[in-house]
Amino acid sequence: MELLKNAWRNIFRRPSRSLLTILSIAIGAFSVMAIGTIGQLGQQAVTAELSSLGLQGMLLSAEGEAALTRECLSRAEEVPQVAEATPLLVNYTDILVRGSEEKAVVWGVDADVTRIISMNLLYGRGITAEDIRSGARVCVVEETLAREMYLRDNVVGKTLMVLLNGKEEEFTVVGVAEAGGSLFQSMMGETVPLFAYTPYTAQQQCTGRGDFDRIAVKLRADADPVQAEDQLSRSLGGEVKVENMSRYTNVFSSILNIVTLVLAAIAGISLLVACLSVMTAMLCSVGERTREIGVKKSIGASSRDIVWEFLLEAVLLSLAGGLAGIAAGAAAGWAGCLALGMAYRFPAGLALTCGIASLLAGAVFGAYPARRAAKLKPVDALRTE
């Protein structure tokens with residue numbers, strides 16, 4: 001305990017030098033924490049965007065000459081691990097409003113689609129069961145499409161023309177939904193298109209079809225995706241392709257994890273370089289306290305005591321810098337999440353890694369100066385001016 005007190009007092013002998021040493025370690029730790037937090041936020045954002053695009057659960061599609069029918073929908077709903085299944089029609093077509101034309105994906109959906117595909121209504125209403133029964137010519141558009149076509153968000157009650165099967169069909173807008181995939185649209189331009197949703201029965205009437213393009217499946221909360229995929233494949237036969245959409249989320253998450261790890265490793269190198277300042281500070285301290293070391297040895301202090309005193313001083317300097325950097329990184333991450341309206345989750349594993357790295361760095365880079373101080377002979381030390 002006495003050695004720890006001495007080490008703590010020695011830090012404040014040269015407060016400016018100690019502060020600069022702590023600051024250099026803190027900057028390295030802050031870099032690691034900041035990059036880790038950015039990676040975490042990026043993963044949250046990408047997962048949310050993929051979910052808003054409907055990339056979750058299972059997606060069934062027909063292969064070859066096969067078709068997805070009502071019977072396929074019923075079989076999918078009978079699989080024990082399936083919570084819900086809904087039919088989908090997909091048309092990548094033109095939407096026309098007052099002479100302007102935009103490419104969009106027009107989805108034919110059922111009334112329960114919001115329980116499977118993320119769709120947050122901003123204005124109006126969604127597709128209802130009555131719309132499905134009657135094949136009503138109504139639609140829900142994304143706010144991005146509303147802005148493109150009408151230059152404003154709330155366009156409930158407006159009409160637009162949708163090109164289906166070579167004919168222009170009139171639909172009335174009954175709802176405006178929050179834009180899904182806005183992050184991807186800003187990053188990828190027209191690669192992620194505009195979306196509109198209509199009753200699937202209305203599209204079937206317009207195109208003369210009785211089958212579906214896709215069947216979206218939502219699994220139960222306790223379902224095993226791999227097992228559910230196998231059960232659906234067996235139930236529907238080989239002519240129906242079962243695609244686990246959550247794999248796309250996992251792929252993006254894995255890529256982001258690798259990128260974050262690489263960037264954190266680069267930031268870790270800066271932390272390692274910053275630790276050289278600990279060695280520099282301690283070597284300067286040994287040179288300044290040569291006579292003090294000689295006095296301590298002449299009155300009975302052992303080489304081991306000298307080693308521990310300098311080693312503890314180096315560890316305290318490094319640990320103080322590491323903790324300061326962790327605190328600053330956590331505060332910056334929290335502030336960033338608050339500004340972006342995202343939930344902040346403290347990266348405990350990364351913080352613990354930074355703390356342990358700082359502790360070990362202090363011990364490793366303080367070992368040589370401590371050993372050098374312990375090797376000083378009392379007579380030579382006392383002769384030093």
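**Aromatic pairs and cysteines**

Good morning. Let me begin with Phe-212, which counts as buried because its relative accessibility is 3%, under the 20% limit. The model before you is a predicted one.

I turn now to the aromatic rings. A pair of aromatic rings is described by the distance of the centres and the angle of the planes. How many aromatic pairs are there by this rule? The count comes to two.

One of them joins Trp-107 and Phe-195 edge-to-face, with 6.1 Å from centre to centre and 80 degrees between the planes. This pair links distant parts of the chain, since Trp-107 belongs to strand S3 (residues 100–109) and Phe-195 to strand S8 (residues 194–199), 88 residues apart. Are these two residues buried or exposed? Trp-107 is buried, at 17% relative accessibility, and Phe-195 is buried as well, at 7%.

Tyr-200 and Phe-212 also form an edge-to-face pair, at 5.7 Å centre to centre and with 80 degrees between the planes. Tyr-200 lies in helix H7 (residues 200–207), whereas Phe-212 sits in the loop between H7 and strand S9 (214–219), so the pair ties together parts that are 12 residues apart in sequence. Tyr-200 is buried, with a relative accessibility of 3%.

Finally, the cysteines. A disulfide is a covalent bond between the sulfur atoms of two cysteines. How many disulfides does the structure hold? It holds zero. Cys-139 counts as buried at 3% relative accessibility, and Cys-206 is buried with a relative accessible area of 10%.

Thank you for your attention.

Technical notes
Residues are numbered from 1 along each chain as its sequence is written. This is a predicted model: local features need pLDDT of at least 70, side-chain atom pairs count only at pLDDT 80 or more; totals for chains, interfaces and linings use all residues. Side-chain values use heavy atoms; hydrogens and water are left out. Rings of Phe, Tyr and Trp (its six-membered ring) pair if their centres lie within 6.5 Å; planes under 30 degrees apart count as stacked, over 60 as edge-to-face and the rest as tilted. Helices (H or I, at least four residues) and strands (E, at least two) are DSSP runs, numbered from the N terminus. Buried means under 20% relative accessible area, exposed over 50%, partly exposed in between (1.4 Å probe, protein chains only). A disulfide is a pair of cysteine sulfur atoms within 2.5 Å.
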